[in-house]
Amino acid sequence: MSSTKRYWMDAADLRQDPEAIKARANEFPQDLAIDQVLGDARFQGASTGRRDFLKFLGFSLGAASLAACETPVIKSIPYVNKPEDITPGVANWYASTFYDGQDFASILVKTREGRPIHIKGNPRFGINRNPGLDKGVVNARINSSVLSLYDGERLKGPRQRVEGKLQGTTWADADKAIDAGLTAASAAGKRIVVLTNTIISPSTKAAVAALKAKHATVEHVQYDTISYSGVTNANLKSFGKRVFPSYDFTKADVVVSVDADFLSSWGSTTEYAWQYASRRNPDGAMNRHWQVEARMSITGANADVRIPVKVSELPLAVVALHDAIAGKAGAATVGGGLQIDELKHAADALWAARGKALVVCGSNDEGVQVLVNGINNLLGSYGSTIDLDNHTWFFQGDDAAVAQLVKDMNAGTVGAVLMAGVNPAYSLPNAAEFKAALEKVALTVSFSRYADETASLCGWILPDNHYLESWNDFMPKVGQYALAQPAIARLFDTRSWPGNLVRWSGSPAKWNDFIRQTWQANLAVHGAGMDFTAVWHQSLHDGVLSSPALPATPVAFMGDIAAAGAAAKQAASGAGQWELSLYTTEAIGDGQHANNPWLQEMPDPLAKVTWDNYVCMSFADVRNLGLPDYLGEQSPAGVVSVKLGAAEVKLPVVPSPGQKPGTIAIALGYGRGANGEKVGKAAVTTDHEGVLSPVGRNAYPFTSLRNGTVSYDAVSVEVSATGETYPIAITQTHLTHMDRHSIVKETSLAVYKAGDKDAFNHAHTLAVHEDVNGDGTIDARDRKPVAEFDLWDEHPVEGVGHRWGLSIDLNSCIGCGACITACNSENNIPVVGKDEVRRSREMHWLRLDRYYSSDTKWAEGREAGESKISLYTRMEEPSERPSVFFMPVMCQHCNHAPCETVCPVAATTHSNEGLNQMAYNRCIGTRYCANNCPYKVRRFNWFNYVTEQFAEVNPAWDDLGRMVLNPDVTVRARGVIEKCSLCVQSIQAGKLKAKKEGRPVKDGDIETACSAACGTGAIVFGDLNDKRSMVRGKADSDRSYHMLEEVGVKPNVNYLVKVRNSEEAAHHA
Amino acid sequence: MHSEAAIREPLILGHKTYADITNDIVGPIENKAPRGWYVLMTLASLVAAYGTGCILYLISKGIGVWGLNKTVDWAWDITNFVWWVGIGHAGTLISAVLLLFRQKWRMAINRSAEAMTIFAVIMAATFPGIHMGRIWMSYWVLPLPNQFGSLWVNFNSPLLWDVFAISTYFSVSLVFWYIGLIPDFATIRDKVSKPMMKKVYGILSFGWTGNAKAWTRFEEVSLVLAGIATPLVFSVHSVVSFDFATSVIPGWHTTIFPPYFVSGAVFSGFAMVQTLLLIMRKVMHLEAYITKKHIEYMNIVIIVTGSIVGVAYITELFISWYSGVEYESYAFINRATGPYWWSYWAMMSCNVISPQLFWFKKLRTNLAFTFFMSIIVNIGMWFERFVIIVTSLHRDYMPSAWTMFHPTWVDVGVFLGTIGIFSTLYLLFARYFPVLALNEVKSILKVSGESYKQQAAQHHHH
């Protein structure tokens, strides 16, 4: 045998079978049918053409590459049994209610495939409904609240503090421990305090009562982060009712507001906004509005006459108003009021309009508010513009009770504190004292959704549901009820906090059953004989149940004017060089929404600053302190130190036109999570130096308890420049409108009423070489309107099919900015963070332009012979007492769009319905369109904003935050241009719905996000080709104009000239 | 043979023979490069590498690494683009237009000017590419058949015209340049002894034999190409100016732009030729071929075009006032007195005021001064484009959108990088290609050479 190993393939090989070896040469032993197939007559003449070959090649290449890729396997579970109400791709809307202690609104929640993604006002029901337009008013905080549902920093289950550290626990353990704790406290006779914001929920009150039934020492203390104790206490003293009344601005011909920012931050703003706007129509009975204030507020920006005074002068302004009116009414005066002529004119106007007048005041000083009540009483406002019978249930908080509680906690008489909806360790004037006191309480429970400033100090955090996951009920006003229903199952292991109280009271009822029971019990009292199930279902459907308003009863004013006057003057005394006014911004409010990136990136309607709070200071003061008066990308703000007693903050200074010199203003609600508390995703970000720091600084330490109420101003603070600078992210670096009358058109009511359109809405004309005026010669007087000139062929949109457009009434726009956040939510606008905003790269499709007037007027200056250069320079300087002009600007959907002609790849085109469309997939990002847009509305994706780089701010980055995205709208990638699409997805949906129902689209069927969010009716969407549509009516009105008409781009968006009621006001002067 | 008046200054100085010319031009290619070349090459390629790095960073991160914003969507990118395209004008103008006008003095400078053109156009073409948000889709600007039905490029867009204009210009310039190089490559092929070089230059010279027929055809082709290239000199920058002129932005929307841009381009192109030639003349000892006369001629072109540009600036100002258009008027007042006033006055002083010094013969024949001025003009012309683009955009119609543009280190890096790449290419050209059209220069030796002229003059006297 050979030593080499042999291997054989098979038995035949081993045997060396010659047959098999022969056969092996022929792999396919049988004759294949190839010849037959190829010889088939049908294939004769067929050949693999070049195209086929390329197809095969392409297919093989594609198949090979696909096979090479590892496809991510995403497991999704389809509906085995499709829920009856959910159709993939079709939105469900649920009526619900938003209430957070500062804002109340009946809302509709849009859900897609079970996810809430958008919020708008309930157009049919609720106190925030504008009945004239069938729209529900919401503000930016309300419609942005959907995002906070998906905040990854929400607590995902109950937490217990063990040895100073928070750790997870179970609900069962928590229930047991707390029940024991409560029993121990009540057994020891110690107080069990439920510390909450104002509770307007009947069921929650019932739950507290149920707990009290079990533990006799239970006590409910309410505390409003922004206190109205001064108002409610004054009402108690004046009328015997400690309530916040209902105001009716629709009935007020004359409104005088002393530091009450009632369109943005004072009182029930979602009501006042539509009421006020309904009286700003120059074709109707336009009201006249005086605003006396120290800082420029949104309300002040809307006023016909704005009187800037120092903080210390505000009480004296009230005294002056009171005395002027008391003088007319023959009532007792106080004396020592502020002597300003304009205040006298305001008083004259109020007196002339008595019975239809309203004075509101933002002060939280009881004495001042008694005086205001006295004024309103003399004016006969009660029963007309102020309703004490159908009062609100808002702002029940009592500063004195909270102050007492802190003392009691320190004294050790409090055995347990259960906190919901409040953050005292952050927002109390004596927060440090509170923190110390909390240590002395045996059982401390927070129902916060975050381990925030207060919750992180508590023994237990039992996270509440987000309101979109909860059942709840509300009683905003006498006779008005509202329901909140869950729009999604609980995302985390959380509980509705009042449900805990029900459970701890020993009741077996679940929270939603408890609400039903409460309602059933109430109905048995108030609506005897009604079928509860039917009422309940209807209320759930509508979100609201209301009973007719109670008739007005006569009021007897019993306030002590002399004492109130003395108190007011005392509040005004001791003024130093610098005075401080604390306020809340439109976006952040009292601070509980500071973790919402949409709100942080929403520019302040006036200062246009994002992602910071700052010191508002007059230009004169800024220059006196030697601080920068221009802020921009590379022009940081100067930093000052503000000191009041032990409280000190360092904040950047933003020069603010309209700010009274000598008074500075700082926004509350910032500086959340300053000690590293996890208060939510966007509240803490990396600053310009790469350090993780809170957004802004906390100004609550500047509040103080004065005469039993929290005071939000200080008449003497120290302000000093630190020499430091701080970068500010500002979206509008230029302040004035440079007298550009084809952008900003504004007139007075008198001019408007005179009816000469040319005087207030001058049309642009161009001289032509034909005898237009028929005078026999061709000269410069032969002119034609710009609209008649065409460089290009007209798009056939006029009169053919639909032509979508917007009409924006600058008189109805109060500048709240709810449209901006609504647009963010509907269109998946990326949040880009402070650094990108600082580089003027915010992505908002809709911006709110704010212009201040200048004292320098072009026409006057030219007449006086001043040079253009000097005029232009001086026109950049805003007036010390500017009038303010708000203007929402989005893509104008030009019929002769300059962007469309310049795109080399035709990525932006015109639809036959008048829309300027953007095909993201086609865009290669030359940005030529953005350059050539006269309105500068196009936005470029400078980076991939959905990457880790933007993880801190962009909710679309994390898996949870991404749930808020609207599946109907593409998320844009890096390198493409985007802009307002006029919510084309809604247009398509509306058209589809009408088509399915076999009818034409009706006016009002389709709303853009901005128009739906605009409860004041400033933004109206519709079909311009529909002659009966509202938008067409507005477009045809005398006030209608196209921005930059002379450029000839023929926009589908028109604006209505702003009319101020200033002429009559001035007439009084 | 063409003869020339004796009083005309000679174009080739000293006593040069045909062999001298060959040796002068081919010598540096054959021999080891001087140390200076290595120094410059190292420097240039380092800058080029840095710039390439910046470009890669830009492409990997996004356009946001530049300083652009919602209002100023173009700044240094398009400024650099127009600047480089402008520079790329001189070569073709010199070789084509001057050929048609039979300007013999062009022969000493046209080769390097054309090379400069080619490299400048390559640099220019970089910017429209990298300034795109999605450069990987850049081929969509080409009218390629596709699977998307009626989807096609937008022929209304001036950017698309740019694509055509630049690519045509580049192709024609390249062909023109290469045709001219063929006989010179053949000369090198015939002269060098290293086999590798012989092989390479043999391939590059396309088998040029140098017979009479080849020369006839060579001259015919040159003439035809000159005819084609001449309108391109005017069309390219006109089309580039349409990017601005057809827009609605005040300061851009100006009918004067095409001639203004073309003269500006020639202006900056000649300045760049001066910069490069003055260095090359010194380093490569070409004083005999690139004479003061050449420099002076080019300086004259600079005065003329610079003055045209100056008139254009003033016309713009006048029209902005005369038109009575509020926005136009503001745009120009803002240019001169607004936040970017310094760039406007840099442009004015560099482009309009300083070239006027060339009216003095002493100055325009002073080489050091010329070199200094050529740099000044190129700075000025960069600012011209910056002024047009940035100052028009940063404050256009909507005061609410007004903002400032601040360049980032990437903006600067990319710009410097293109200068680096350009210099690298130019240095390679100077090292391996005949920097003068040596065969063309030989054709004028007996007519315009100094010694021959003197001989002819003596002969005449006798």
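In what order do the 7 strands of the open sheet in chain A with β7 and β9 run? Keep that in mind while you get your bearings.

**Before you click**

You're looking at a predicted model, where local features need pLDDT of at least 70, side-chain atom pairs count only at pLDDT 80 or more, and totals for chains, interfaces and linings use all residues. Residues are numbered from 1 along each chain as its sequence is written, while chains are lettered from A and ligands numbered from 1 in the order in which they are written.

Chain A has a mean of 89, with 95% of its residues at 70 or more. Chain B averages 88, and 98% of its residues score at least 70. For the model, ipTM is 0.93 and pTM is 0.89.

**Stop 1: the seven-strand sheet**

Back to the opening question: the order is β7-β6-β18-β17-β16-β8-β9 in chain A, with mixed pairing. Helices (H or I, at least four residues) and strands (E, at least two) are DSSP runs, numbered from the N terminus, and two strands pair if DSSP finds at least two bridges between them. Select 165-168 and 218-222 of chain A: these are β7 and β9, the edges of the sheet, and each has a single partner strand, so one side of each lacks a neighbour there.

Next, pick β8, residues 191-196 of chain A, which pairs with β9(A) in the parallel sense over 5 bridges. One bridge to show is A:Thr196 with its partner A:Gln222 in β9(A). Contact here takes C-beta atoms, placed from the backbone, within 7 Å.

**Stop 2: helix α18 of chain A**

Select 511-526 of chain A. This is α18, 16 residues reaching 22 Å from first C-alpha to last, close to the 22 Å expected at 1.5 Å a residue; the expected span is 1.5 Å times one less than the number of residues. Which residues of α18(A) are buried? They are A:Trp511, A:Phe514, A:Ile515 and A:Trp519. They sit on the same side of α18(A) because they cover an arc of only 135° around the axis, taken from the directions from the helix axis to the C-beta atoms. Show α7, β19, α17 and α19 of chain A too, which are among the elements covering them.

**Stop 3: A:Pro955**

Look in the loop between β42 and β43 of chain A for A:Pro955. Buried or exposed? A:Pro955 counts as buried because it has 27 C-beta neighbours inside 10 Å; the cut-offs are 20 or more other C-beta atoms within 10 Å for buried, 12 or fewer for exposed, and partly exposed in between, with C-beta atoms placed from the backbone. Its contacts include A:Leu147, A:Tyr150 and A:Pro597. Draw a distance to A:Gly152, 803 residues apart along the chain: the C-alpha atoms are separated by 9.2 Å.

**Stop 4: where the chains meet**

Bring chain B back. The contact takes 41 residues from chain B and 48 from chain A. On the chain B side, α6 (158-191) and α11 (326-337) are the elements giving two or more residues. The largest share, 4 residues, comes from α11(B).

**Last stop: a stretch to treat with care**

Finish at residues 1064-1069 of chain A, where pLDDT stays under 50. Where pLDDT is low, the predicted coordinates should not be read in detail.

How values were computed:
Two residues are in contact if their C-beta atoms, placed from the backbone, lie within 7 Å. pLDDT is the predictor's confidence in each residue, from 0 to 100. Lists of a residue's contacts leave out its neighbours within four places in sequence.
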